[in-house]
Amino acid sequence: MNAIVGFCHFCEAHGPRPVFCTYTTEDEQHTTEPSKNAVQCNGCTSIGSEMVLISRDGDTIFCSRESVPNPEVTSFLRQAALRSITCEVNWSKEGGVVYFSDTQGDVLSSTFQLKDTRSRGLKRLFSIVVLMKDKMLLLNITPVLSEHMQKIAKELQNLANEVYEQEQSICSQRALRLKTGRHDFGQSRSLVQLTGDADIFKKLHSHFTHILRIGSVTYSETLYTSHGLLNKITPQLTSNTIFQENACVVPNNNCLTLRELESLLTKEAFKKVLYCILTGVHIVIKCVNFEPTRIIDCLLKIIPSTSVDINRPIVSVGGNNTETYDNCCIEEVENNDFVCKWSGSLPDKCPTLMRRIEIAMDNQKLTNAVLDQHIKSLQLEWLGIANTIKMAKTNSGKSDAIKKLKVVLGVMQQDEVLVNYWSCMFCS
């Protein structure tokens with residue numbers, strides 16, 4: 001976890017100051033260069049300016065020293081020490097106090113008291129602060145960090161209480177001050193003197209290193225791709241979409257190209273067939289000599305694939321079949337020519353997808369293979385639009401919300417028939 005854990009105190013002579021800090025680094029120079037501490041005071045020093053405590057975890061170095069090498073971070077740490085001891089204190093609240101700074105960073109602080117027979121009020125103020133730049137990460141791991149910070153404070157208080165009781169048993173400072181009226185407190189004593197433990201800062205190094213480790217282990221960020229995120233939330237949404245395996249693959253079979261079909265039917269007849277296949281009007285193919293599957297496979301490239309045979313939008317019947325259909329009929333006549341028979345008529349404005357397919361077909365710079373891929377991308381785009389509108393209707397059902405969504409998705413009035421058909425037919 002990229003953060004700094006600091007141990008701060010209130011000095012009678014110098015005010016709130018950080019005395020010890022732990023951070024992660026990959027720079028070996030931080031393990032050898034001395035700390036910069038201009039204050040020569042027992043309470044404001046910890047392990048000395050020349051000493052550095054180090055723990056390693058792979059390439060990561062956990063480094064503890066009196067001050068941070070970076071001047072900006074040192075200033076931030078001093079500001080955190082000042083605020084954590086003077087104003088960001090809430091004794092009635094369990095856990096730490098989180099406060100933010102737009103210019104420097106964010107801080108989690110936990111303030112506590114240690115008994116000291118030689119201090120003002122027989123108590124000293126201390127705090128543990130965690131500094132980082134990631135606000136959301138800090139907020140998420142605050143409960144875990146606060147628990148460990150409180151355990152550290154409790155451990156220090158137990159050690160300080162033992163020293164305090166021993167000193168009080170020898171000479172009661174409260175009684176002595178009341179009798180003599182003297183209040184010569186002198187320099188603040190170091191944490192080693194308060195706890196009676198010469199290795200107390202080595203233990204703090206171990207505790208602070210553990211805090212940095214659990215911070216990175218407890219809360220980790222996972223970067224999901226769009227496919228992974230959809231599969232995690234609603235796996236059914238990825239069916240019949242670009243995330244489905246081989247969704248963007250165009251079958252390479254022996255069917256007609258769209259331009260060949262247009263030449264076979266004439267441009268006006270092809271436009272009717274294109275409108276019918278996109279909007280759900282069933283198409284009947286009557287052939288005598290021509291192989292009908294070549295036409296069927298060509299038309300099926302325009303719409304999303306479906307495994308429901310009963311709703312197959314295209315059927316083929318024999319050329320001599322007298323059965324009639326109230327739909328669009330592509331019929332082979334003499335000289336291998338084809339005609340299109342449809343009782344309906346094209347609307348004044350055709351669906352947007354249909355117009356974009358026609359524009360792409362008129363663009364001679366697009367080869368047939370590129371044209372097929374382009375139409376496939378358009379198909380998947382409008383399948384996603386139809387699926388989104390269907391999900392919105394299912395979850396919300398509010399007409400105003402649906403209207404606003406259609407505006408955002410670019411669905412116009414002439415697209416309604418296509419979107420409604422695709423939502424029912426191809427969206428699960």
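Helices here are DSSP runs of H or I with at least four residues, and strands are runs of E with at least two, numbered from the N terminus. Counted that way, the secondary structure of the chain comes to 13 helices and 11 strands. Please keep in mind as you read that this is a predicted model.

**The chain as a whole**

Of the 428 residues in the chain, buried ones make up 45%. Take the contacts in the chain between residues at least 6 apart in sequence: 71% of them join residues at least 24 apart.

As for confidence, the pLDDT averages 82 over the chain, and 82% of the residues score at least 70. Among the elements, helix H10 has the highest mean pLDDT, at 93, while helix H6 (residues 226–233) has the lowest, at 57. Over residues 307–311 the pLDDT is below 50, and this stretch has 1 contact in the model beyond near neighbours in sequence. A friendly caution belongs here: where pLDDT is low, the predicted coordinates should not be read in detail.

**Helices H8 and H10**

Now to a helix pair. The axes of H8 (residues 267–279) and H10 (residues 352–362) come within 10 Å of each other, crossing at roughly 140°. The crossing of the two helices is right-handed.

On the H8 side, the residues that meet H10 are Lys267, Phe270, Lys271, Leu274, Tyr275 and Leu278. Their partners in H10 are Leu353, Met354, Ile357, Glu358, Met361 and Asp362. By class, this contact has 8 nonpolar and 4 charged residues, with no polar ones.

**Two residues to look at**

Thr266 sits in the loop between helix H7 (258–265) and H8. Its phi is near 80°, a positive value in a residue other than glycine. Asn387, for its part, is found in helix H11 (residues 368–395). In space, Asn387 is 6.0 Å from Ser423, C-alpha to C-alpha, although 36 residues separate the two in sequence.

The table gives the value and class for each residue.

| Residue | Relative accessibility | Class |
|---|---|---|
| Thr266 | 48% | partly exposed |
| Asn387 | 13% | buried |

So Asn387 counts as buried at 13%, whereas Thr266, at 48%, counts as partly exposed.

Methods. Residues are numbered from 1 along each chain as its sequence is written. This is a predicted model: local features need pLDDT of at least 70, side-chain atom pairs count only at pLDDT 80 or more; totals for chains, interfaces and linings use all residues. Side-chain values use heavy atoms; hydrogens and water are left out. Axes are lines fitted to C-alpha atoms, for helices over the stretch in contact, and angles run from 0 to 180 degrees between N-to-C directions. A crossing is left-handed if the near helix is turned anticlockwise from the far one by less than a right angle, and right-handed if clockwise. Contact means heavy atoms within 4.5 Å. Ala, Val, Leu, Ile, Met, Phe, Trp, Tyr, Cys and Pro count as nonpolar, Asp, Glu, Lys and Arg as charged, and the others, Gly among them, as polar. pLDDT is the predictor's confidence in each residue, from 0 to 100. Buried means under 20% relative accessible area, exposed over 50%, partly exposed in between (1.4 Å probe, protein chains only).
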